[in-house]
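Open the model in your viewer and keep the selection panel to hand. The stops below say what to select and what is found there.

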Amino acid sequence: MLEIKNLHARIVDDGTEIIRGLNLTVKAGEVAAIMGPNGSGKSTLSYILAGREDYEVTEGDILYNGQSILEMDPAERATSGIFLAFQYPMEIPGVATMEFLKVAMNEQRKARGEEPLKIPEFLKRVKEAAASLSMDMNMLKRPLNVGFSGGEKKRAEILQMKLLEPKLCVLDETDSGLDIDALKIVSDGVNALRAPDRAFLVITHYQRLLEHIVPDSVHVLYKGQVIKSGDKSLALDLEANGYAGVIGEAA
Amino acid sequence: MSGATLMNMHTQPQRTPAETALIDAFGERLSLLPGDGAVMLKRDDAIEAVKHGLPTRRIESWHYTDLRRLLNSVPDFDPAAMAKALAPIIDGSAVLPILNGKSEAKLPAVDGVTFQRLSEKLTDGSIAPGLDPYGSDDAIGALNTAFVADGYFVDIADGVELEKPIELQNLQAGGQAHVRLPVRVGAGAKAVIVERQAGEGAALVSSVSQLVLDDDAEVTWLIVQEQPDTATHLAQFKAHIGKNARLTLFVINAGGKLVRQEVLVKTTGEGADFKLRGINLLAGDSHSDVTMVLDHAVPHTTSTEIIRNVVTGKARGVFQGRINVHQYAQKTNAKMACNTLLLSDDGEFSTKPELEIFADDVVCGHGATVTEIDHNHLFYLMARGVDEKSARGLLVKAFVAEVIEELDDEAIVEALEARLDDWFVTHG
């Protein structure tokens, strides 16, 4: 489903290269965990997948279902089924959350040639999704993410993921800022979405999240490259021994 | 050539076509204008001010809106112009249309409210004392006093709480329209008043609203200005706010070629509160100016002013906000903010806040920002599949809608958001 080939990318503003020859393949139905120390390029990778224009791909390619997505803008990528759950979701004053959800869902439907949702059907879906994440509907009456706690913002991201039903879900440190209860709720939300035709890229610092969202593969990112891949035992190994050993092997 | 004529030539710069047209029109219209002797004297004085010349950038209060230069032509009065009344922005409102400067003989019936055509009050002279301009640089007041032919007088009796808004519609279909809207809101009375300014011609419009709030009165006044991009709209809103009375003035400027909306407010009783919320949606090559002078004239009065501007195309905008805190007006609390979203390289917005404080125990502040669309916000919305154009639209609307949402009356919020949507459909 996702094939990243010898990807090189830099920050547009100052030319700093962050991703330096990254290779990664994720199959449909697979949950791939990306781990790595601070500054290894994990978040950058998630932004590049989503199409943020602050980064520029200088070499290599990203294939999604066999097609390069490099020329697609963030909206086109999203409507084609790529979803990024932000590490730091934006607060956008003045944009009502419900209005935003409706616009986003209907824009995606429009791009797929589907009719816009009728209001009762829209409300029903939002209510169900919110209930499954233990979210108060009153929260959704506020402007988008404004005044939400860190945990509420992460839940809101998963809520959007549920409603938009993407095919490739990129979760950027979704566990950061979550207490144990919230972590469980969010992980359950993600697990409920696991499906044979849907893949996940779970970016995290810690093994903790992977106890709840059990990965099929684990990849260690360091200095913009995948330096080691393995199964879920690799995450346990990293938790026990740190990154130094893996980095040493690769060097 | 006599010496007197020569001197006159030195002191009187050559008249612009607009000045000449106004002076000529006054001569032609005079016999048609209603008014007793006192009113006609006020008109004579007022046209003298026009003869003196329209204000230029050298007059401080007109520095950013050089009326003499910008008003380059004045349309003739057009007796054949036919404007049509509009559906009110809030369902169930009592509508009082003024079509091409003329009010309707048939007046709505609202319990506790007296309506009267302004032409009658000009004819009997009872309105004369209110016709004096606001100081020597008051070009709008002078122009209006010279030409005003009609409008409505509204009196809301003490203690009356109106369930439905009153909508005053000043509608033009070309030519000239000069109207005046004096409104008294009695002690403890409550009302929502909509002042609708719209039309479809390249008209010259002057409109003066005069509001008096007696003690404990509470008024939300909405000015919705949607003139076509060919019209010149010169408007003034004057208010006196009595003891413990509260006034919220909401101004949406979403049209016109040359627009100046003056807001002249005075707190006259302790505990008076004034809120100004303004949204300027500027497009094309229009010039729009909102100029406020607020006098905190007595102790213990409060005010907040928030202006949000969206500038597109080659539009130019101005906000001048002057707060005068008089010597005895201790414990005044006033805050003013002007935020601009600049969406084009060719647009511009000038903000001039002025605080003149003669009391020593007050809290006064002001702030101004100019921003572009936040790229992080844009990315977030697009990452959810909203295309760039719609995402920008959402963010621009959000920028101005914030000041609407704080109004707690749902009917008003919906009505104002509908006006915004209208503008975004045309200019998005």
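Start with Asp216 of chain B. Asp216(B) is partly exposed, with 19 other C-beta atoms within 10 Å; with C-beta atoms placed from the backbone, a residue counts as buried at 20 or more others within 10 Å, exposed at 12 or fewer, and partly exposed in between. Although Asp216(B) is not a glycine, its phi is positive, about 65 degrees. Its place is the loop between β8 (204–213) and β9 (218–226) of chain B. Element names follow DSSP runs numbered from the N terminus, helices being H or I of at least four residues and strands E of at least two.

Before moving on, note that this is a predicted model, in which local features need pLDDT of at least 70 and side-chain atom pairs count only at pLDDT 80 or more, while totals for chains, interfaces and linings use all residues. Residues are numbered from 1 along each chain as its sequence is written, and chains are lettered from A and ligands numbered from 1 in the order in which they are written.

Next, select Glu165(A), in the loop between α5 and β9 (168–172) of chain A. Glu165(A) is another non-glycine residue with a positive phi, here about 50 degrees. Glu165(A) is partly exposed, and 15 other C-beta atoms lie within 10 Å.

Now show helix α5 (residues 150–164) of chain A together with helix α4 (residues 119–132) of chain A; their axes come within 10 Å and cross at roughly 135 degrees. That makes α4(A) oblique to α5(A). Axes here are lines fitted to C-alpha atoms, for helices over the stretch in contact, and angles run from 0 to 180 degrees between N-to-C directions. Angles under 35 degrees count as roughly parallel, over 145 as roughly antiparallel, 65 to 115 as roughly perpendicular and the rest as oblique. On the α4(A) side, select Arg125(A), Val126(A), Ala129(A) and Ala130(A), which meet Leu159(A), Lys162(A) and Leu163(A) of α5(A). Contact means that the C-beta atoms of two residues, placed from the backbone, lie within 7 Å. By class, the residues of this contact of α4(A) with α5(A) are 5 nonpolar, no polar and 2 charged. Nonpolar covers Ala, Val, Leu, Ile, Met, Phe, Trp, Tyr, Cys and Pro, charged covers Asp, Glu, Lys and Arg, and the others, Gly among them, are polar.

The contact of α5(A) with α6(A) divides into 7 nonpolar, 2 polar and 3 charged residues.

From Lys154(A), go to Gln87(A): the two are 67 residues apart in sequence and 7.9 Å apart in space, C-alpha to C-alpha. Gln87(A) sits in the loop between β6 (82–85) and β7 of chain A and is buried, with 20 other C-beta atoms within 10 Å. Not counting residues up to four places away in sequence, Gln87(A) touches Ser43(A), Asp172(A), Glu173(A) and Ser176(A).

Which elements give two or more residues to the side of chain B that touches chain A? In total, 17 residues of chain B are in contact with 20 residues of chain A. The elements are α7 and α8 of chain B, and α8(B) provides the largest share, 7 residues. The side of chain B that touches chain A has 9 nonpolar, 4 polar and 4 charged residues.

Select helix α7 (residues 375–382) of chain B: 6 of its 8 residues are buried, so it is largely enclosed by the rest of the structure. The buried ones are His377(B), Leu378(B), Phe379(B), Tyr380(B), Leu381(B) and Met382(B). What covers them includes α2 (74–79) and β7 (92–96) of chain A, together with α8 of chain B.

Finish with α8(B) and helix α9 (residues 410–427) of chain B, which pack at about 155 degrees with axes 11 Å apart. That makes α8(B) roughly antiparallel to α9(B). Among the contact residues are Val400(B) and Ile404(B) in α8(B), and Leu416(B) and Phe424(B) in α9(B).
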